[in-house]
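Please examine the model shown below together with its sequence. The paragraphs that follow lead through helix packing, the sheet and some backbone details.

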Amino acid sequence: MEPEGGFSKRHLLNPVILGMLGDVGGLRILDAACGHGYFSRMLAALGADVTGVEPAAGLLAYAMAKERALGQGMNYLKADLTEPIDFCEPFDAVVCSMVLPAIPDWRTAMRTCVSSAKPGGTIIISLNHPAFEDLWRTWRAHGEYRVRRYLEEYEIAGDYAPDFHRPLSSYINELAALGCRVREIAEPGLDPAIAAAAAITAPGIESYVYMPNFLVIAAEGPSVIRE
């Protein structure tokens, strides 16, 4: 996963999120549920003042060890987005990448992200695309994508932990209810040349050229912070 995350992060998510953020030099950015901190380190290398929040002790320990080795000046906190967090002052931007589909209490987590940003600040959320969550597996099996349950909310079994399917409207409507204005939505597709090279060891990855497995939402926070 070093230094830029796994395959999907490197080729699909990171370029889009960084493009939505623009020049991060001098900005205070919250990496919400930062995991082992790879994206925090990328932002810090670009000149951002980064705070990473992560509830998992093992992941946080790795991130803090990397900070001690690299000395990028990052601040890490052991905290859960579904519980109150006192950041002392708000952030210019908040990035919540691939977090909300993995937790049951996603509305509280989204509210924490929005309330942590300055009035009018940037909130960027990335998700498994609700319409194409099982893209790679079904493409390998059928040569096309098939979905039967979209409008329901349900748990998706995983190798290590479950994810949760929710319609796209759930996330967009919650952002609106929190007073945010959606600025941009991206459905990144994989470069055909990268897909062709990867298909040798990952058959079916060409599905990412034709359909988006991920969704990235950039929103502008409310002009007045809501309690």
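**Helix packing and the sheet**

In H1, the residues Lys 9, Asn 14, Ile 17, Leu 18 and Leu 21 meet Tyr 38, Phe 39, Met 42 and Leu 43 of H2; contact here means heavy atoms within 4.5 Å. By class, the contact of H1 with H2 comprises seven nonpolar residues, one polar and one charged. In this classification Ala, Val, Leu, Ile, Met, Phe, Trp, Tyr, Cys and Pro count as nonpolar, Asp, Glu, Lys and Arg as charged, and the others, Gly among them, as polar. Helices (H or I, at least four residues) and strands (E, at least two) are DSSP runs, numbered from the N terminus. The model is predicted: local features need pLDDT of at least 70 and side-chain atom pairs count only at pLDDT 80 or more, while totals for chains, interfaces and linings use all residues. Residues are numbered from 1 along each chain as its sequence is written, and side-chain values use heavy atoms, with hydrogens and water left out.

Two packed helices are described by the angle between their axes and the distance between the axes. For H1 and H2 the angle is about 45 degrees and the axes are 12 Å apart. Axes are lines fitted to C-alpha atoms, for helices over the stretch in contact, and angles run from 0 to 180 degrees between N-to-C directions. H1 and H2 are therefore oblique to each other; angles under 35 degrees count as roughly parallel, over 145 as roughly antiparallel, 65 to 115 as roughly perpendicular and the rest as oblique. The crossing in which H1 passes H2 is right-handed. A crossing is left-handed if the near helix is turned anticlockwise from the far one by less than a right angle, and right-handed if clockwise.

How many of the eight residues of helix H2 are buried? Seven of the eight residues of H2 (residues 38-45) are buried, so this helix is largely enclosed by the rest of the structure. Buried means under 20% relative accessible area, exposed over 50%, and partly exposed in between (1.4 Å probe, protein chains only). The buried residues of H2 are Tyr 38, Phe 39, Ser 40, Arg 41, Met 42, Leu 43 and Ala 44. Their cover includes helix H1 (7-21), helix H3 (57-70) and the strands E1, E2, E3 and E4. After H2 comes Gly 47, with a positive phi near 100 degrees.

Strands of a sheet pair through backbone hydrogen bonds, either parallel or antiparallel. Two strands are taken as paired if DSSP finds at least two bridges between them. Strand E1 (residues 28-32) pairs with strand E2 (residues 49-53) in the parallel sense over five bridges, and Ala 32 has Val 53 in E2 as its bridge partner. E4 and E5 also pair in the parallel sense, over six bridges, with Ala 93 opposite Thr 122 in E5. E5 is mostly covered, nine of its twelve residues being buried.

Eight of the eleven residues of H4 are buried, so H4 is largely enclosed by the rest of the structure. Among these buried residues are Trp 106, Met 110 and Val 114, and the cover of the buried residues of H4 includes E1, E4, E5 and H6.

Backbone details remain. Most residues other than glycine have a negative phi, and most peptide bonds are trans. Cys 88, not a glycine, has a positive phi of about 75 degrees; this residue lies in the loop between E3 and strand E4 (91-97). At 74% relative accessibility, Cys 88 counts as exposed. Met 98 likewise has a positive phi, near 60 degrees, and is placed in the loop between E4 and H4. With a relative accessible area of 22%, Met 98 is partly exposed.
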